[in-house]
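Visitor: I have this one open on the screen. Start with a strand pairing, please.

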Amino acid sequence: VAESRPGFARVRFDDVDGLVTAWLPLLHPKTFADQVVWTLDVGEHVGCLLDEFMEDGCVLGAIYSDADAPPVSSPDKFRLQFKDGGSVEYDRSSGAMNIVCKGVANLTADGDVTVKAPSVTLDTPQTTCTGKLTVEGLLSYHGGMVGKGGSGGGAAASISGTIEVTGGDVKADDISLKQHKTSGVRSGGDTSGVPVP
């Protein structure tokens, strides 16, 4: 390829005195209601279909050679490999899929998104959920929990049911549930006073 732009390319034939074609359309799977664009690189080896005068035709696609070998050797692997190191690979023999993105990745859906798997690991230092989060099963955490505020000025946390604390304490400001003392305790069923810090 001597020159390239989306959908078209000019091809140089070194074995025909360096002849450079006019702009030729590049074959794509879809170009109308659905569209695919993959621009060729300058220097890429291609196959062409041309008329007898080499003036009109099309570029059938890029071809591999000894100089430009395929990125995989297994016939079971499908791979898209990009210049910046990003890639998409699927191995039909193992069922493994690997996707590498070197920049920002965005998924936008107008409907629900479902991820179904035996387990999911988010290996990231920061995860943000901008809407409501509902956990149908057991919620476990290891690094602690921090929260603040409440919707509509309500409580920051509201739990219906029993709370069990094992090996620790519950504190409100400086008042400990286990260690606090109360004032004004008298016999006869009177209630105690407020906790004393």
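Guide: Leu 80 stands opposite Val 88 in β9. This is a predicted model, so local features need pLDDT of at least 70 and side-chain atom pairs count only at pLDDT 80 or more, while totals for chains, interfaces and linings use all residues. Residues are numbered from 1 along each chain as its sequence is written, and side-chain values use heavy atoms, with hydrogens and water left out.

Visitor: Which strand pairs with β9 over 5 bridges, in the antiparallel sense?

Guide: Strand β8, residues 77-81, pairs with β9 that way. Strands here are DSSP runs of E, at least two residues long, and helices are runs of H or I of at least four, all numbered from the N terminus. Two strands pair if DSSP finds at least two bridges between them.

Visitor: And how many residues lie between β8 and β9 in the hairpin?

Guide: There are 5 residues between them, and Gly 85 in the turn has a positive phi of about 105°.

Visitor: What is the bridge partner of Val 88 in β10?

Guide: Ile 99 is its partner there. β9 and β10 run antiparallel and are joined by 5 bridges.

Visitor: What is the order of the open sheet with β8, β9 and β10?

Guide: The 3 strands come in the order β8-β9-β10, with antiparallel pairing. β8 and β10 (96-100) are the edges with a single partner strand each, so one side of each has no neighbour in the sheet. From one strand to the next, the twist averages 0°. The angles run from 0 to 180 degrees between N-to-C directions, and the axes are lines fitted to C-alpha atoms, for helices over the stretch in contact.

Visitor: Ser 87, then: buried or exposed?

Guide: Ser 87 is buried because its relative accessible area is 6%. Buried means under 20% relative accessible area, exposed means over 50%, and partly exposed lies in between, with a 1.4 Å probe and protein chains only. Ser 87 belongs to strand β9, residues 87-91. Beyond its neighbours within four places in sequence, Ser 87 has contacts with Arg 79, Leu 80, Gln 81, Phe 82, Asn 98, Ile 99 and Val 100. A contact means heavy atoms within 4.5 Å.

Visitor: Now charges. How many salt bridges does the structure hold?

Guide: It holds 6. A salt bridge needs a side-chain nitrogen of Lys or Arg within 4 Å of a carboxyl oxygen of Asp or Glu.

Visitor: Which side chain meets Glu 89 in a salt bridge at 3.6 Å, N to O?

Guide: That of Lys 77. The pair links distant parts of the chain, with Glu 89 in strand β9 and Lys 77 in strand β8, 12 residues apart. Arg 79 also forms a salt bridge with Glu 89, and their closest N and O atoms are 2.6 Å apart. Shared partners join Lys 77, Arg 79 and Glu 89 into one network.

Visitor: Which of these count as buried?

Guide: Glu 89 counts as buried, at 14% relative accessibility. Lys 77 is partly exposed at 33%, and so is Arg 79 at 26%.

Visitor: Another one: what meets Lys 30 in a salt bridge?

Guide: Asp 34 does, at 3.8 Å, N to O. Asp 34 is partly exposed, with 47% relative accessible area, and Lys 30 is partly exposed too, with 39%.

Visitor: Changing topic: where is the place of His 28?

Guide: His 28 is in the loop between β5 (24-25) and β6 (46-50). A polar atom of its side chain lies 3.5 Å from the backbone nitrogen of Trp 38. Neighbours within four places in sequence aside, His 28 is in contact with Gly 7, Val 36, Val 37 and Trp 38.

Visitor: What order does the open sheet with β5 have?

Guide: That sheet of 3 strands has the order β1-β2-β5, paired antiparallel. β1 (3-5) and β5 are its edge strands, each pairing on one side only. β1 is joined by 3 bridges to β2, residues 8-10, and Arg 5 has Phe 8 in β2 as its bridge partner.

Visitor: Last, which residues make the largest nonpolar core?

Guide: It has 9 residues: Val 1, Ala 9, Val 11, Phe 13, Leu 24, Leu 26, Leu 40, Val 46 and Val 59. A nonpolar core is a set of buried Ala, Val, Leu, Ile, Met, Phe, Trp, Tyr and Cys residues joined through side-chain atoms within 4.5 Å. Not counting residues up to four places away in sequence, Ala 9 touches several residues, including Val 1, Leu 24, Leu 40 and Val 59.

Methods:
Polar contact = N/O pair within 3.5 Å; in protein donor to acceptor, adjacent residues only side chain to side chain.
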